[in-house]
Amino acid sequence: MEDAMIKRIGLLTSGGDCQALNATMRGVVKGLSNSVENLEVYGFDDGYKGLIYGKYRMLTAKDFSGILTQGGTILGTSRQPFKLMRVPDEKGLDKVEAMKQTYYKLCLDCLVILGGNGTQKTANLLREEGLNIIHLPKTIDNDLCGTDHCPGFGSAAKYIGTTFAELERDCHVYATKAVTIVEVMGRDAGWLTAASCLARANGAKGPDFIYLCEVPFSIDTFLKDVKAKLEKQDAVIIAVSEGVKNKDGRYISEEVQSSAVDSFGHSYIAGAAKVLEDAVRNEIGCKVRSIELNLMQRCAAHLASATDIQESRMLGKTACQYALEGATGMMAAVIRTSDKPYATEFKALPVCDIANAIKSVPADYINDAGNDVTEKMVDYLTPLIQGEMNTVSRLAFAGRPQGNRVD
């Protein structure tokens, strides 16, 4: 296919925040700049909101300098439920038509969208409406199908593994019987929670139990696990996905949450660790604490994985090549070709085949008891966290661009 005439592109980031968004955008723009003279790049503020309401700005090389390891996104983001995209806003504005008008007003040749499952649904909708769309995967939950892993996940996994290693050292210095329960993000998939196993590197003990949302959760079985472990040792450390459910499909956290739902119609589920803390206190009676990592696992630039950042940049460059070749409605994906040695390649996949699916942790990555992971998970995770990035201190340079400059 002959190269398409690309002169103007739009960029937007949508959905939850994560590490590597800026690195991916950097790769897109760098790749196109090397191939296109007088390239114009328009950045849409706050995700799809910017496209809907015409909030955009022309970006220059200066905007992309020093952002390679900066957490978050220089464009900002927001969550826009797909089911509401066809519903007019409070002023009666047709959001789909508004996005199309903004696209054509700027005479864009391509719109590059970074986001997760919900973002992909809207990207596919815009493809169906005739816009030229290239999608890049993004979610620390790592639950997008088609790609071996998502930009941002490796850095988040590294943060999780490091945090559990530090917690384990702290908890085991005391002789008092105690249980520490750590809640990790993951509504529909337990990839991030599974990353707690990385704390066992180099012979360290790491978490005693790992409970993923792929396995039906029983509080009674959980309490038996904890009691048995406490008979052998003083401290027990547990990793649990925020989205663990019982055999009836009800979130464990719903026991302390109201029936309120978010704008996507999802139940508010934070609080699983708190439920389990109360169960241990009431049924076992030992010292117990719950910890919710919450937002801290998203953009920890000081623990960014070099592999994650470098792959994200290359994935962005790959996406620009798809755009130059005239592709539309495609997602740039990472395909793993080998674990040892670790090797990958990049591939374009149709967004329409990916948008409505969830990539769960495979059954053979979880042990038979459902309270830990297997060596297959360790082999999968380990390459993704390798390497350090030369980041500067956020405290020492507050307000300045973060990370390495890549020319």
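**Figure 1. The largest cavity has a volume of about 40 Å³.** This is a predicted model, in which local features need pLDDT of at least 70 and side-chain atom pairs count only at pLDDT 80 or more, while totals for chains, interfaces and linings use all residues. Residues are numbered from 1 along each chain as its sequence is written, and side-chain values use heavy atoms, with hydrogens and water left out. The structure holds one cavity of 30 Å³ or more. A cavity is a set of points, on a 1 Å grid over the protein atoms alone, where a 1.4 Å probe fits but cannot get out; lining residues have an atom within 4 Å of a point. Points are joined across faces, edges and corners, and the volume is the space filled by probe spheres set on them. His 149, Cys 150, Pro 151, Asp 308, Glu 311, Ser 312, Leu 315 and Val 334 line the cavity. By class, four of these are nonpolar, two polar and two charged. Here Ala, Val, Leu, Ile, Met, Phe, Trp, Tyr, Cys and Pro count as nonpolar, Asp, Glu, Lys and Arg as charged, and the others, Gly among them, as polar.

**Figure 2. Helix α9 (residues 306-324) gives the most to the lining of the largest cavity.** Its share is four residues. Helices (H or I, at least four residues) and strands (E, at least two) are DSSP runs, numbered from the N terminus. α9 has 19 residues and reaches 27 Å from first C-alpha to last, close to the 27 Å expected. The expected span is 1.5 Å times one less than the number of residues. Of the 19 residues, 14 are buried. Buried means under 20% relative accessible area, exposed over 50%, partly exposed in between (1.4 Å probe, protein chains only). Ser 305 caps the N-terminal end: a side-chain oxygen lies 3.3 Å from the backbone nitrogen of Thr 307. Gly 326, with a positive phi near 85 degrees, follows the helix.

**Figure 3. Helix α1 (residues 21-33) is largely enclosed by the rest of the structure.** Of its 13 residues, 11 are buried. Among them are Leu 21, Met 25, Arg 26 and Leu 32. The buried residues pack against β1 (8-13), β2 (40-44), β4 (110-115), β5 (133-137) and α9. Contact means heavy atoms within 4.5 Å.

**Figure 4. Thr 13 lies in strand β1.** Thr 13 counts as buried, at 1% relative accessibility. A polar atom of its side chain lies 2.9 Å from the backbone oxygen of Gly 76. Leaving out residues up to four places away in sequence, Thr 13 touches Leu 21, Met 25, Gly 47, Thr 73, Leu 75, Gly 76, Thr 77 and Leu 114.

Figure 5. At 1% relative accessibility, Ala 20 is buried. Asn 202 sits in the loop between α6 (191-194) and β7 (209-211). Asn 202 is exposed, with a relative accessible area of 86%.

**Figure 6. The peptide bond from Lys 340 to Pro 341 is cis.** Omega is near 0 degrees. Pro 341 is in the loop between β10 (330-338) and β11 (343-350).

Note on methods:
1 Å grid on protein atoms, 1.4 Å probe; cavity = no way out; pocket = protein on both sides within 12 Å on 5 of 7 lines; lining within 4 Å. Polar contact = N/O pair within 3.5 Å; in protein donor to acceptor, adjacent residues only side chain to side chain.
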